[in-house]
Amino acid sequence: MMSATDLKQATLEYALRLGDDSVVLGHRISEWVSNGPFLEEDIALGNVALDYIGRARMFYGYAAELAGDGRTEDDFAYMRDAREYKNLLINELPKGDFAYTQVRQLLVDAFNTGFLAELVKSKDATLAAIAAKASKETRYHLRRSREWVLRLGDGTEESHQRAQTAVDALWGYTFEMFELDELEQQLVDAGIAVDTTRLKAQWEVEIKAILSEATLEIPAGDWAVRGGRVGYHTENLGHLLTDMQSVYRAYPGCQW
Amino acid sequence: MSMDPEKNFMRKIEAEEKIEPKDWMPDAYRKNLIRQIQQHAHSEVIGMQPEGNWITRAPSLRRKAVLLSKVQDEAGHGLYLYSSAETLGISRAEMIEALQTGAAKYASIFNYPTQTWGDIGAIGWLVDGAAIVNQVSLQRTSYGPYARGMIRICKEESFHQRQGYELMIALAHGSAEQKKMAQDSLNRFYWPALMMFGPHDSESAHSAKSMEWKIKRETNDDLRQKFIDQTVPQIEYLGLEHPDKELKWNEERGHYDHGDLDWDEFYNVINGNGHCNRQRIEHHVKAHEEGAWVRDAITAYNEKKSAKKSRHAA
């Protein structure tokens with residue numbers, strides 16, 4: 001059993017991880033604004049990005065409350081370096097082409113659907129409440145990304161090829177979504193965190209069904225990259241944070 | 001017995017009745033409206049770029065969320081306006097092509113670069129502020145779909161202006177560096193914002209006819225004066241210096257007298273010498289071309305689906 005202080009510290013860390021996932025993916029999706037294939041899609045992707053930024057604020061806000069040392073949501077977002085960020089790697093990969101973005105969304109949205117449905121049951125009331133709100137958004141996100149992957153996979157030869165390339169490039173980043181480190185295992189035991197190892201089977205069934213309907217192949221899965229939860233990132237995150245944090249850090253201590 | 005359509009049209013205009021898509025209208029009225037609504041739509045869409053330029057760098061998560069939703073609103077305005085223009089018999093594809101070839105214009109204000117975070121405040125406050133003054137008057141424009149679109153757009157624009165002004169307050173009342181940033185953005189965007197109302201009435205190519213047809217309800221100079229007057233106390237509250245050194249209250253007119261606008265600079269930017277003229281269009285073309293395979297995929301997918309359906313039905 002963890003002491004109450006350790007539990008609080010671990011919960012804070014967990015909230016930060018979930019905030020990191022959200023802010024990093026939100027950042028990537030926001031890069032589509034004014035770059036979408038048509039105006040309606042600029043609006044829709046903007047919406048999804050907004051949901052993720054909102055989610056990040058809730059998780060960081062809760063982390064700030066737990067820290068109780070005057071740090072704010074923005075301190076967590078803007079004052080930590082890449083090595084301190086603990087997002088899953090799949091979220092930080094560049095936005096890629098439209099197929100890459102939608103395939104990533106599908107993989108992540110399907111994961112989040114299962115994840116949030118479990119987090120709603122967390123013994124931590126705040127995390128459960130955030131999950132309840134996010135869960136509604138994610139159902140909509142999944143409906144969108146699923147439809148997009150079907151259209152792209154079963155559209156033209158070019159769209160099929162691009163979608164397949166994206167699936168192949170992203171598949172190796174999905175493994176770590178379903179793994180737990182010691183901290184998360186302890187929180188799972190305490191009824192606070194989600195046991196993601198138990199989500200994989202259902203996720204695979206769902207993803208395989210969608211990809212197969214989209215006439216896309218499941219990759220052999222002979223490589224896997226891991227490390228997000230311990231801060232071992234791809235080279236992309238540093239650039240993302242440099243961009244995101246530039247103004248905040250250039251004028252230390254300011255209110256915006 | 002039917003009335004002469006042109007007389008009937010003018011009767012409606014004079015009676016403040018709206019002209020609707022299926023009503024008879026003079027060709028020149030239709031063309032004039034298509035030009036204006038289209039230009040307005042393109043301005044919303046191109047305007048996403050200078051603001052979008054700062055989404056990833058917004059210095060707080062709250063500001064990031066607000067900016068994202070604002071830019072999204074602009075895209076939404078573009079959509080309503082494209083739809084309004086479509087009721088006049090032009091397609092969105094034609095309008096996009098006209099934008100990309102330069103046959104249709106967008107507001108020249110978006111040819112100015114957003115160089116600092118302060119510019120996001122200045123755009124919300126001054127550029128959207130100027131747009132609202134114009135759009136409030138367009139809520140009474142004679143073409144029904146356009147007038148109704150404006151009512152909806154005005155509500156959102158006034159939220160945009162407030163967020164821009166609120167951002168400026170945070171800067172102007174913040175650190176010395178932030179205040180300097182606010183002043184610099186005000187200095188750079190104030191004059192171009194005044195020019196958004198268009199040339200002097202005497203030199204405005206479309207004004208006279210547009211006023212007669214009640215497409216425009218107030219003249220460029222009157223709208224500009226309104227904006228100048230409303231902006232003075234806002235600058236005072238921020239504690240910033242007014243960029244117009246000749247500004248002076250005129251008791252007799254009940255308005256501020258102001259310094260001359262540098263129209264050479266205005267035409268210089270319109271005519272292609274702004275920092276971003278080429279960049280804005282290239283960006284639009286690139287996104288559109290890169291999206292071609294996506295649009296093709298939707299068409300192909302839908303065709304496959306409907307072919308399947310009709311096979312099942314047969």
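1. Start with the size of chain A. A compact globule of 256 residues would have a radius of gyration near 18 Å, and chain A has 18 Å, which agrees. The model is predicted, and every point below should be read with that in mind. The C-alpha atoms of chain A fill a box of roughly 55 × 45 × 30 Å along the principal axes.

2. Chain A is built from helices. The count is nine helices and zero strands. In sequence order the pattern reads α-α-α-α-α-α-α-α-α.

3. Packing in chain A comes next. Of its 256 residues, 57% are buried. Take the contacts with a separation of 6 or more: 80% of them join residues 24 or more positions apart.

4. Look at Glu13(A). The residue lies in helix H1 of chain A, residues 4–30. Its relative accessible area is 17%, so Glu13(A) counts as buried, the cut-off being under 20%. Leaving out residues up to four places away in sequence, Glu13(A) touches Lys86(A) and Leu183(A). Trp171(A) is 158 residues from Glu13(A) along the chain, and the two C-alpha atoms are separated by 27 Å.

5. The C-alpha trace of chain B spans about 75 × 55 × 35 Å along its principal axes.

6. Buried residues make up 56% of its 314 residues. Among contacts with a separation of 6 or more, 76% are between residues 24 or more positions apart. The accessible surface is about 14400 Å², with 52% belonging to carbon and sulfur atoms. Chain B carries 41 positive and 45 negative charges, with mean positions 8 Å apart.

7. The largest nonpolar core deserves a look. It has 169 residues, and Leu119(A), Tyr29(B) and Trp117(B) touch the most other members. Helix H2 of chain A, residues 39–67, gives the largest share of this core, with 15 residues. In soluble globular proteins, nonpolar side chains tend to be buried together.

8. Neighbours within four places in sequence are set aside here. In chain A, Trp117(B) contacts Val247(A) and Trp256(A). Its contacts in chain B include Trp54(B), Ala58(B), Pro59(B), Arg63(B) and Leu67(B). Leu167(B), Leu171(B) and Met181(B) are also among the contacts of Trp117(B).

9. Check the backbone at Glu16(B). Phi is positive, about 65°, although Glu16(B) is not a glycine. The residue sits in the loop between helix H1 (5–14) and helix H2 (27–52) of chain B. With 41% relative accessibility, Glu16(B) counts as partly exposed.

10. Lys214(B) is found in the loop between helix H8 (207–212) and helix H9 (220–238) of chain B. Is Lys214(B) buried or exposed? Its relative accessible area is 18%, so Lys214(B) is buried.

Technical notes
Residues numbered from 1 in each chain as written. Chains lettered and ligands numbered in written order. Predicted model: local features only at pLDDT ≥ 70, side-chain atom pairs only at ≥ 80, totals over all residues. Heavy atoms only, no water. Helix = DSSP H or I, 4+ residues; strand = E, 2+ residues; numbered from the N terminus. Rg over C-alpha atoms; globule rule 2.2 N^0.38 Å. Buried < 20%, exposed > 50% of the residue type's maximum accessible area, 1.4 Å probe, protein only. Contact = heavy atoms within 4.5 Å. Core = buried A, V, L, I, M, F, W, Y, C linked by side-chain atoms within 4.5 Å. Areas by Shrake-Rupley, 256 points an atom, 1.4 Å probe, with all protein chains shown as cover. Lys, Arg positive; Asp, Glu negative; His and termini not counted. Charge placed at Lys NZ, Arg CZ, Asp CG, Glu CD.
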